[in-house]
Amino acid sequence: MIRYTKFVLKNGLTVIHHEDNLTQLCVLNTLYNVGSKDEDPNKTGFAHLFEHLMFSGSKNVPDFDGVLQNASGENNAFTTNDYTNYYITLPKNNIELGFWLESDRMFALNINKKALSIQKKVVIEEYKERYLNQPYGDIWLNLLPLVYKKHPYRWPTIGRSVSHISKATLNNVRSFYKKHYGPNNAILVVAGNIPLETAKRLTKKWFEEIPRIKNKDKASLSEPKQLKPRSITLSKNVPLDVVVKAFRFPKRLNKDYYLSDLLCDIIGSGESSRLFNSLVKERAIFSEVDCYLTGDIEDGLLIVEGRVIKGVDIKHAEGEIRNLLNNIVELGITDDELKKVKNKTETVIRFNNVDVLNKAMKLAYCALLGNIELVNLETANYNTVSKKDITKKAGLLLSEKNCSTIFYRSK
Amino acid sequence: MKKIVLPFFIDLNKMKTDRTTPIAFQTVSKVAIPKWQKLVLNNGVDLYYINSGNSGVLKLDIVFNAGVDKQKQKSIAKAVSSMLLSGTNSRNSAQIASGLDYWGAYLQAHCYPDDAVLTLFSLSKNTKNCLPFISDILTNSAFPETELETYKRNAVQKLLENEKKNRFLARRLFYSSVFGNESKYGSFSLSSDYINISRENLLSFYKDNYFGGIKYIIASGNTNKQTLDRLFCFFSTLHHHKTMVSPGLKGLGDKPKRLVLDKPESNQTAIRIGYKTINRAHVDFLGLQLLNLVLGGYFGSRLTKVIREEKGLTYGIYSSLESFTDCGCFSIETEINSAATQICEEEIYKEIQRLRSVLISKEELDRAKRYFSGLIIRSLDGPFSISERLKTIIDWDYSNNYYGSILERIAHYTSEDLMVLAVKYLNPKLFTTVIVGKKT
């Protein structure tokens, strides 16, 4: 169990404290409720580009990284569709320095032309490294707009195209900061070897005077229901054919999320899964298969991705996936299968709960979902799922009508 | 033109907290050395353990003398490791996978140049149910022909995909050139190597190096008395394989080369520069680690500052210093805007030259030292991180205070010391350069 205390500062900053005295470290994890889904469709990739700029220094701390390194600290950040997460770890005695740094960039980020111009270049190289200069790197660039027609999940966090990044202006950056980077749009987790009273005192000292931003409540967005199968074929200079199937799956807070996650594991997680046993081992259709949920807050996806064995026809391979899924829908799952994926899930959750940084990130994420206690309810929520729950929903979820397919062919 | 709207309108006089005076910080000179303990099993195997209280989980690292150095034919060590869970005389691969999965356990085999490790992640309440599978795997593995066919087929496919990645090609060219393709550190499998693997070779390697015995075991997490008793009884029944090779330093002096592979279709270029160098056995190693940090070992390093943060030519550039049993390897790697390949290479050499001829400022050196201390502290945080450090301590026969003493030793290095090390160890004349990407 992860114990925590939540309090809210006058300016609306949500703070969660978690004490862990087994570690010599303290963590400050700051989550801003802004992700790529909040971007203008014509200026995509902005939340992530902005994340890079958060390291360019602030009014009173010109060299963010340098100051932190000097105090034996480390930091990093990541951007998702839904939110942007920053973290700092420091030896426990130096934690106030982290408060100074993190609050100062919330208070007055140093937005300047030079930093923007450099970080645009860096992000474009990141774009190339991860999406363009790798076999199959552009799968997401093609898949998302096939699945999502309305929802801003239709572009990846890195952005729809390189040109969106290169066109970003200083004005865009300033208004983005003003709109999203304030205390009432953030969740701060103070975790590690730090007592509650110290956490309270330092949080108030460094964060409470930062003014609120004008922050509209976000409406939950929905993608219209998919009514028939969709597919595209790509032909590129890649060594193997690849099949990707994306099924529309429940939102993170939907009561069916947990059964969906377990169903996903039964289909394709690990060497005892259906996909691996049948299509990699027995029938030699694929050399690798993978099955996972995107896990976003809004309309999510279950992805099945397989590398087709040379000599096997890609359409045949895709048909084999469909047969396998139909088999689950028609014949259901076994008690042992369900028990197995529940046990595996519990192991993963428990291992993740050992590391203080992981715990801090989880607390912040659950707070964003609106219920911090979820952090302690996960295992129980998975355990209440019954075989019947899964078989009842599998048919709808795994229907071809609910699916988008990419046939990625080797030229 | 629209007026620029500033993101904040704050009357600074109203702010109470003084943000302008930098916050004082402490230099960390001591690290709380976590306690680990050791049991000697009846068969002579050392079982090390790190107790983390009631986390409810247990990680078990079972180490074997089954690294690439033990193979007589290419690709065998890796193949045996990859196929350890592929079936025994009493259970097929599906039974092993579903049996372990049923108990929520993850069993992973990894093969390295100098050894191999089988790692179990399990809930501590379920560990006992996983042990029979481990025993079966370590005494009865059968390496069925059909499983071998699957392994070969999939390995060849994976290789085809990797060979489309510039980063992989650069790594392969670099290590096979610096260490030689027959060396355990430079050995990369080709399709033909996979095809040539036979069941007999697998069985013979397995018999000598896995069935032959365990080198040592590290348990981390919830290691209460009951768990330890159980591990003691269980692992005492298996064989012990005494360590034969002790680490040292041998065979330095690779031939520097320049290798360029043209990839007209790619839009980034992978670069790798470096050479075979000293390892932990050498007294200069720690200083070289610090020097490596200054050059390219962290985000505040010179290479990151110049090539990423000043010029925006790459998403990442790093230098690293690896320590193997017989030697070390220093290398710089990046994937770079192809048009800037030459500039990047020049800048790398410029920075190296600067380390060899101009003293590092005290400020820069102090920052690197303090960052280094932070690295050590973070690397000793939590039972699973500690188990990794403990492996180094065991393999190199260090004292328990090894990591604590590093903090003290690091503090003594001066800018002059690092310049001497740079002249000695960062000599461009020794470096092999590999470039894979579009020719410009």
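Predicted model: local features only at pLDDT ≥ 70, side-chain atom pairs only at ≥ 80, totals over all residues.
The strands concerned, E1(A) and strand E2 (residues 14–19) of chain A, run antiparallel and are joined by four bridges.

Both strands belong to an open sheet of six strands in chain A, ordered E1-E2-E6-E3-E5-E4, in which the pairing is mixed. Strand E1 (5–8) and strand E4 (74–79) of chain A are the edge strands, each pairing on one side only. From one strand to the next, the twist averages 15 degrees. In general, the strands of a sheet pair through backbone hydrogen bonds, in either a parallel or an antiparallel sense.

## Overall form of chain A

Chain A contains 15 helices and 11 strands. Its radius of gyration is 23 Å, close to the 22 Å that the globule rule gives for 411 residues, so chain A is as compact as a globular protein of that length. The C-alpha trace of chain A spans about 60 × 45 × 35 Å along its principal axes.

Of the 411 residues in chain A, 53% count as buried. Contacts in chain A between residues at least 6 apart in sequence include 79% that join residues at least 24 apart.

## A covered strand in chain B

Strand E8 (residues 268–277) of chain B is mostly covered, with 10 of its 10 residues buried. E8(B) pairs with E10(B) in the antiparallel sense over 10 bridges. Within this pairing, B:Gly274 has B:Ser331 of E10(B) as its bridge partner.

E8(B) also runs antiparallel to strand E11 (residues 432–437) of chain B, and five bridges join the two. There, B:Ile271 stands opposite B:Ile435 in E11(B).

## Contact between the chains

On the chain B side, 68 residues are in contact with 68 residues of chain A. Several elements of chain B give two or more residues to the side that touches chain A. The helices among them are H2 (93–102), H4 (145–162), H10 (302–310), H12 (362–379) and H13 (383–395) of chain B. The strands are E5 (116–123), E9 (314–323) and E10 (328–337) of chain B.

By residue class, the side of chain B that touches chain A divides into 28 nonpolar, 24 polar and 16 charged residues.

Definitions and conventions. Residues numbered from 1 in each chain as written. Chains lettered and ligands numbered in written order. Contact = placed C-beta atoms within 7 Å. Nonpolar A, V, L, I, M, F, W, Y, C, P; charged D, E, K, R; others polar. Rg over C-alpha atoms; globule rule 2.2 N^0.38 Å. Buried ≥ 20, exposed ≤ 12 C-beta atoms within 10 Å, placed from the backbone. Pairing = 2+ DSSP bridges. Axes fitted to C-alpha atoms, helices over the stretch in contact; angles between N-to-C directions.
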